[in-house]
Amino acid sequence: MGEEKKVKIKKIQSGGLLKKVMADYFHDLSDASKDGSRKVAWCTSVGPAELLLSFGFAVHYPENHGAVLGSTRTANDYIPVANAVGYSPDICSYLTSDVGAFIKQETPLSRAYEWFDGVPKPDILVYNTNQCRDVEDWLNWYSRELNVPCIGISTYRNLGEIRDYHLEGIAGQIKDLVPTLEEISGNKFDMDKFKSVVACSRDCTLMWKKVLEANENSPAPMTFFDATIQMGPAVVLRGSEKAIEYYKVLLKELEDKVAAKDGAVEDEKFRLYWEGMPIWGKLRNLAEFFIELKTAVVASTYCNSWIFDSFDPEDPFTSMARAYSEIFIARNEQFKQNYIEEMVAKYKVDGILFHDAKTCPNNSNNRYGMPERLEKKLGIPSVTINGDLNDLRCYSEEQAKTNIEAFVEQMEGK
Ligand code: SF4
């Protein structure tokens, strides 16, 4: 691999609009806290955001902030600060970097937007343990620190088939949040509003799904590294029309690229599935490396995780319970294997890359024999790279690139 060789990541033109949509979201959040016009809720990424939005809360997602700390490569300035107050370097590095940044009263958002004075103080903290226990511990740290109530949902984990009794329990827990949310927001629960937010989230989800499915085409019009940025509105604006409008624009651009056979990777030779968390601080670097290898990372469990097809505005509580319980991370090993098999077929991939993220066992699916089982069953190779979502001390670029190069050679030899 010639080092002097320069590769260029192809721009997604809608990116300019994306920047504006995200800036508007942060502006709205900042205004809500400044003028006191709206209460602020902090919510885990796969938490009951639609319910909070129906009460008029401005919603902040600490995991999104964690990803911002990762992608700006500032996380490692803050992780030791959280370690010093007893939060281990082995637990979620979103948690430790976010808590550390809070303790230091710093955020890269203030560098990006001059009007952003800091993450607004919450009036309520709301979690869902569907993804992991760390989110509950994370928000409870803020609850103690800021003396703000913390409420949430404890979801079943390692679910195989989802039964009605699971859904009744979870829907009941979501309903139980209502009296506290009424008290904190000062607003009565409004079923029609709740239904309309759920409808918006469903429409956003369906658009996001179509965006990702554009990559079923070969050459793929965008890569996993593009998609991790493009998913911003699906994460923080999924109950709003703005996200839907944005994805319409993006989808049109991707469809045009597909029609023109304008692939994100010039001369796409191999197609990969990315299983596991992104390495936020290395997105650009990895994107360029894969372009050099003429390999397109076309699909991922991570980006698919913001597809909630089960939302049904006619049955908002139960459908929300279903949508937030059937996510990949909350399922058992067999479900996960079947799911990856489906994705391999759907996106016609030649190999699977597993990212073993040191501080997120929940999103590291290489640890119980999955790569070996899939290789044997599907007859395609896989590679595991060691790293982390935010803590770059766990990632050796040299080692990862050597492994990926060898992996691509292996695919070439097939
Ligand atoms: S799923 Fe992983 S990355 Fe996400 S909050 Fe939990 S431990 Fe952190």
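Student: Which residues in α3 meet which residues in α5?
Tutor: On the α3 side they are Pro62, Glu63, His65, Gly66 and Leu69, and they meet Tyr94, Ser97, Asp98 and Ala101 in α5. Two residues are in contact if their C-beta atoms, placed from the backbone, lie within 7 Å. Helices (H or I, at least four residues) and strands (E, at least two) are DSSP runs, numbered from the N terminus.

Student: And what sort of model is this?
Tutor: It is a predicted model, in which local features need pLDDT of at least 70 and side-chain atom pairs count only at pLDDT 80 or more, while totals for chains, interfaces and linings use all residues. Residues are numbered from 1 along each chain as its sequence is written.

Student: Back to that contact: how many nonpolar, polar and charged residues does it have?
Tutor: The contact of α3 with α5 has 4 nonpolar, 3 polar and 2 charged residues. Ala, Val, Leu, Ile, Met, Phe, Trp, Tyr, Cys and Pro count as nonpolar, Asp, Glu, Lys and Arg as charged, and the others, Gly among them, as polar.

Student: At what angle do the two helices pack?
Tutor: Helix α3, residues 62-71, packs against helix α5, residues 93-104, at about 85 degrees, and their axes are 9 Å apart. The two are therefore roughly perpendicular to each other. Axes are lines fitted to C-alpha atoms, for helices over the stretch in contact, and angles run from 0 to 180 degrees between N-to-C directions. Angles under 35 degrees count as roughly parallel, over 145 as roughly antiparallel, 65 to 115 as roughly perpendicular and the rest as oblique.

Student: New topic. What surrounds the ligand?
Tutor: The surrounding residues are Glu63, Cys92, Tyr94, Gln131, Cys132, Asp134, Val135, Cys360, Asn362, Asn363 and Leu389. A residue is near a molecule if its C-beta atom, placed from the backbone, lies within 6 Å of it. This shell divides into 6 nonpolar, 3 polar and 2 charged residues. Glu63 and Tyr94 belong to the shell, and both also take part in the meeting of α3 with α5.

Student: In what order do the strands of the open sheet come?
Tutor: The order of its 4 strands is β6-β5-β7-β8, with parallel pairing. Two strands pair if DSSP finds at least two bridges between them. At the edges are β6 (295-300) and β8 (382-387), each pairing on one side only. On average, neighbouring strands are turned by 30 degrees against each other, direction ignored.

Student: How many bridges join β5 to β6?
Tutor: There are 5 bridges between β6 and β5, residues 270-275. In one of the links between them, Tyr273 has Ala299 in β6 as its bridge partner.

Student: Is β5 buried or exposed?
Tutor: In β5, 6 of the 6 residues are buried, so the strand is largely enclosed by the rest of the structure. A residue is buried if 20 or more other C-beta atoms lie within 10 Å of its own, exposed if 12 or fewer, and partly exposed in between, with C-beta atoms placed from the backbone.

Student: Which residues of β5 are on each side?
Tutor: Phe270, Leu272 and Trp274 are on one side, and Arg271, Tyr273 and Glu275 are on the other. In a regular strand the side chains alternate between the two faces of the sheet.

Student: Which helix lies across β7 and β8?
Tutor: Helix α18 (residues 370-378) does so, and it runs at about 160 degrees to β8.

Student: Now the loops. Where is Asp267, and what is its phi?
Tutor: Asp267 is in the loop between α13 (241-259) and β5. Its phi is near 55 degrees, a positive value in a residue other than glycine. Asp267 counts as exposed, because it has 8 C-beta neighbours inside 10 Å.

Student: What about Lys294?
Tutor: Lys294 also has a positive phi, near 55 degrees. Its place is the loop between α14 (283-292) and β6. With 14 C-beta neighbours inside 10 Å, Lys294 counts as partly exposed.

Student: Which peptide bond is cis?
Tutor: The bond from Ser218 to Pro219 is cis, with omega near 0 degrees. Pro219 is found in the loop between α10 (191-213) and α11 (224-230).
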